[in-house]
Structures are given as structure tokens and as C-alpha cells.
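The sequence and the model are shown first.

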Amino acid sequence: DHIVINVFPNPSSGVVNFKFNINEASPVTLDIYSITGVLVERIFNENVEGGNDNLVTYNKKLPEGVYFYRLK
């Protein structure tokens, strides 16, 4: 499997856009984690058609800090 992802703006303030492209239809999840590894929120959990660009906007107000994302 091949996934291409762009995250912008980086660093961000309040809104983050995740644009990704995958080779084939697949279930996709996008999770946000705190710096300590605790799951903050699953912001995307859907089946996605392969080859399509998809844009997910994360605009929940979180405290300022470092967060990690995981696209699976």
C-alpha cells in the first residue's frame, strides 16, 4: 500500500488540513495523539475510494502543544 499525506499549515493554530491519496479503496482512520501517546480524538473513520484526494479539516480547539497524527 502507498499513502501520500500532506499536513498544513505546520505549525498550525486551530485548523489542520490533512490531504491524502491512496492507491486502492480502503478503510482509513486518522487519529490525533498527545505528546504522551494518549489518543485525543479519532477525527476520520471511513472507507475511501482509491486514487482520490481527500481533505479532512480538524478544527477542534486543543490546548497549545505538540500533537501526533496517525493515518492508517
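## Basis of the description

Patches are made of residues with over 30% relative accessible area and no salt bridge, where like charges are joined within 9 Å and nonpolar side chains (Val, Leu, Ile, Met, Phe, Trp, Tyr) within 5 Å. Accessible areas come from the Shrake-Rupley method with a 1.4 Å probe, and for residues only the protein chains shown count as cover. A salt bridge is a side-chain nitrogen of Lys or Arg within 4 Å of a carboxyl oxygen of Asp or Glu.

The model is predicted: local features need pLDDT of at least 70 and side-chain atom pairs count only at pLDDT 80 or more, while totals for chains, interfaces and linings use all residues. Residues are numbered from 1 along each chain as its sequence is written, and side-chain values use heavy atoms, with hydrogens and water left out.

## Overall architecture

The chain has zero helices and six strands, in the order β-β-β-β-β-β along the sequence. Helices (H or I, at least four residues) and strands (E, at least two) are DSSP runs, numbered from the N terminus.

Of the 72 residues, 28% count as buried; the classes are buried (under 20% relative accessible area), exposed (over 50%) and partly exposed (in between), with a 1.4 Å probe and protein chains only. The accessible surface of the chain is about 5100 Å², and carbon and sulfur atoms hold 49% of that area. Contact means heavy atoms within 4.5 Å. Among contacts in the chain with a separation of 6 or more, 55% are between residues 24 or more positions apart.

## A nonpolar surface patch

Ile 35, Val 66 and Phe 68 make a nonpolar surface patch of about 300 Å². Ile 35 is located in the loop between β3 (26-34) and β4 (39-48) and is exposed, its relative accessible area being 57%.

Phe 68 belongs to strand β6 (residues 67-71) and is partly exposed at 44% relative accessibility. Apart from neighbours within four places in sequence, Phe 68 contacts Asp 31, Ile 32, Tyr 33, Ser 34 and Ile 35. The C-alpha atoms of Phe 68 and Gly 37 are separated by 8.2 Å, although these residues are 31 residues apart along the chain.

## The nonpolar core

In soluble globular proteins, nonpolar side chains tend to be buried together. A nonpolar core is here a set of buried Ala, Val, Leu, Ile, Met, Phe, Trp, Tyr and Cys residues joined through side-chain atoms within 4.5 Å. The largest such core has eleven residues: Val 16, Phe 18, Phe 20, Ile 22, Val 28, Leu 30, Ile 32, Ile 43, Phe 44, Val 48 and Leu 71. Strands β2 (16-22), β3 and β4 are the elements that give two or more residues to this core, and β2 supplies the largest share, four residues.

Leu 71, a residue of strand β6, is buried at 18% relative accessibility.

## The salt bridge

How many salt bridges does a search of the whole structure find? The search finds one. Asp 31 pairs with Arg 42, and their closest N and O atoms are 2.7 Å apart.

Ser 26 is placed in strand β3. Its side chain reaches the backbone oxygen of Glu 24 at 3.1 Å. Not counting residues up to four places away in sequence, Ser 26 touches Glu 46, Asn 47 and Val 48. Thr 29 is likewise in strand β3 and is buried, with a relative accessible area of 11%. With the same exclusion of residues up to four places away, Thr 29 touches Arg 42, Phe 44, Asn 45, Arg 70, Leu 71 and Lys 72.

Asn 21 is in strand β2 and is partly exposed, with a relative accessible area of 25%. The C-alpha atoms of Asn 21 and Gly 50 are separated by 7.4 Å, and the two residues are 29 residues apart along the chain.

Note on methods. Polar contact = N/O pair within 3.5 Å; in protein donor to acceptor, adjacent residues only side chain to side chain.
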